[in-house]
Amino acid sequence: MFKLFTKNFWEVVARLILRNKIGILVVIVLATLFFSTQWKNMRFTYTEANLLPDEHEVNVTYNEFLDIFGEEGNLIILGVKDSTLFTVEKLNAWNQLSEDFKAYDEIETVVSINDLQKLIKNTDEERFDLVPFIKDSISSQEQIKTLQEELFKQYPFYDNFLFNTETGTIRTAIYLKKEIVNTSARKDFIMLTLDENIKNFEAANNLDVRVSGMPYIRTLNSQNIVDEIGLFIGLALGVTSLIFFLFFRSFRATIISLIVVCVGVMWTFGILGLLNYEITVLTALIPPLIIVIGIPNCIFLINKYQHEVKLHGNKVKSLQRVITKIGNATLMTNVTTASGFATFILTESQLLKEFGIVASLSILAIFILCLLVIPIIYTFLPYPQERHLEHLNKRWIGGFVNWIERMVREKKISIYVTSLVLIIVSIIGIYKIEISGSLIEDMPKEEAFFKDIRFFEEEFDGIMPLEIMVDTKHKKGVMKLSTLKKMEQIEDLIDEIPELSRPISVVSLVKYSKQAYYNGNPKYYQLPTSQENSFILSYAKNSSSDVDLLQNFVDSTGQYARITTFMKDIGTKKMERIQEDLQNKIDKVFKPAERYNVTMTGKALVFQKGTKYLVKNLAISLSLAILLISIFMAYMFRSVRMIIVSLIPNVLPLVITAGLMGYLGVPIKPSTILVFSIAFGISVDDTIHFLAKYRQELQANHWKIRKSVYAALRETGVSMFYTSIVLFFGFIVFTTSSFGGTVALGALVSATLLFAMLSNLLLLPSLLLSLERSIANKEVMREPSINIIPVEDDDSVDDHSEEDINS
């Protein structure tokens, strides 16, 4: 009953499409116009990818920190390492550059050499006065030498913040207003104002200015993502259309396919806008993915049309058969592909959810477009010429299929041994895989901003913030000497860790206050004794102002303090070890625990935890993909044994790819995590096509297993080869990216799909032949719930004339 319904359903669909072609084209045009109106809602992300769910403990801690101290990632750093900077003209120009930035509305504060001030003890009024190191401007080289002598040797408070005493590197700290850090205003300021001012300064003074800091890195990184969207779309269109043309030798077929996938890309952008999602490093991959996945649909449909035309010469009948015979197959294969992406919807990461929703909807949309547009366009076109059908008889394709068949006939043992060896070797490789939680690892290595990151790591030990928040649970508890001493112990430990920069906190300010109390003697740069503390605090309270540099390191109530350090780009294992060491020290120092609540947070830590969270979700999403696709297979073939046999050749490529990652040193990270679910969802399409044809051949050949296997292999081998080649080169396009993660994604998916093609052409038929007695019998291979490929039957569709269809 259901089979009859399915058959009748596709016959009805074919009639509806071919008889209402003008109306359908109008609807598609209107839908495209509607989606194009949604493009205005697209926006590019201005925040880092948060891979953790909102309610995750690490996110909760980080948001509590932001509530108390505000946005942490608002610091932009300018640096110069050049001995010629220490001349009157150039140092004044450097200070003036910093001064100019203060005039912009986007700037909260700027701290440069020109802004540094000494704490001077005012005995008469029992307070500290702030006196600038530089008054007005520098007028002589002697003044510069005095400045260097004071800063580099007498005031450790400023050491390693605005200068490196060992290398002479000078830097300026620019703090953006916290309310613009995650908005488009940040991008406009950095891309236009900041860059222009720096370029003018460099040209005028012949100095190389290094720029870094999280707002700057995020802005340039996001711009690279934007720039690459167009590149990927162009390359995907170019590569896939070229391969398509080489297969079909038809400009007409190639142009039709390009029209379909281009409309599909327009719909994808419309879906992004309609759902009001941001364009991230993941969602930016979807438009070219739709091109790569859409072209194989076009291959199946056009190949079937040309095959039917060559068979009986009736164009209308051929178009009807394209829909009735290929509609089910392309629907099922697109559903399984979409399922591979849709599994990300079930994760708790918002980033992956959005990627899964848009990708799966876009894949279903491109299927609908292919099924509607291609048959309709061909109704308006003349019969294919003989040269357009020549590819159906290509000898080199026949030679490839003959080689596959010969291997399956004669080399089954070799195929099994090779598969077993690959599994063993790959499992060994899997144990070599590492997890990467680096914020900058995937960033373009050749870009100037990435080289600047490395520069500041070398000169100042990192740019990624790591925060330690101390909750004393009492107002003004931070300024208690016992709390300050505990914080100092933590800072001493941080100082001993080479991957972390010198920490900054209120402790430094208190030490500086004691030094000032003792008339600037650097040997007194230390915490005061309990007796000294009362005198020094009284001086501090009487002071007219505070040091801007540290005003954000204690909250307004005095209950919370922060210790800020900056981390180098290090591996996840090192980061975990450092975190564990720090946490153990914190637990020992801040006792009793009921008096303090000390937590670690910061963007670097959030990202690292997010990566580990995604690894856990990798197993979940891949398991869901396998389960979901197994359910599809069970529904279609109604055979548990066939499900097991069909999964083996699709899981094997995933194991091989994972092994390759271990041997090649490609870590598990947000970009490479996507490989497995995507590749599995796409590669299983070949299995569905092969098994559907195999079952059809079994019936036609009266359950003669070997004859059916070889017939299915010859029939599906060509289309599997075509589509796999298109997918392989389509995903290879991503290796042109400047982002390491995108390169890895493209290369790994391409390799996995190539392995999957060979596995489905060699291992799957070999398993069917070897297990023929237990698998290929009428009880096991019962009538499927859905006939993926309907039995050839000339009467299965209405034999309408072309005039009837056009009426």
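Let's start with the second largest cavity: 16 residues line it, and P296, I682, D685, T723 and L727 lie nearest its centre. A cavity here is a set of points on a 1 Å grid over the protein atoms alone, where a 1.4 Å probe fits but cannot get out, and lining residues have an atom within 4 Å of a point. This is a predicted model, with local features needing pLDDT of at least 70, side-chain atom pairs pLDDT 80 or more, and totals for chains, interfaces and linings using all residues. Numbering runs from 1 along each chain as its sequence is written, and side-chain values use heavy atoms, without hydrogens or water.

How much space lies in the second largest cavity? About 200 Å³. That volume is the space filled by probe spheres set on the points, which are joined across faces, edges and corners. The lining has seven nonpolar, seven polar and two charged residues. Asp, Glu, Lys and Arg count as charged; Ala, Val, Leu, Ile, Met, Phe, Trp, Tyr, Cys and Pro as nonpolar; the others, Gly among them, as polar. Helices 9, 10, 21, 22 and 23 each supply at least two lining residues. Helices are DSSP runs of H or I, at least four residues, numbered from the N terminus.

The count comes to eleven cavities of 30 Å³ or more.

Now L151, in helix 5, residues 141–154. Buried or exposed? L151 is buried, at 3% relative accessible area; buried means under 20%, exposed over 50%, with a 1.4 Å probe and protein chains only. Beyond four places in sequence, L151 is in contact (heavy atoms within 4.5 Å) with I113, L116, F133, Y158 and F163. F133 sits 18 residues from L151 in sequence and 8.7 Å away, C-alpha to C-alpha.

Conventions:
On a 1 Å grid over the protein atoms alone, a cavity is a set of points where a 1.4 Å probe fits but cannot get out, and a pocket is an open set with protein on both sides within 12 Å along at least five of seven lines; lining residues have an atom within 4 Å of a point.
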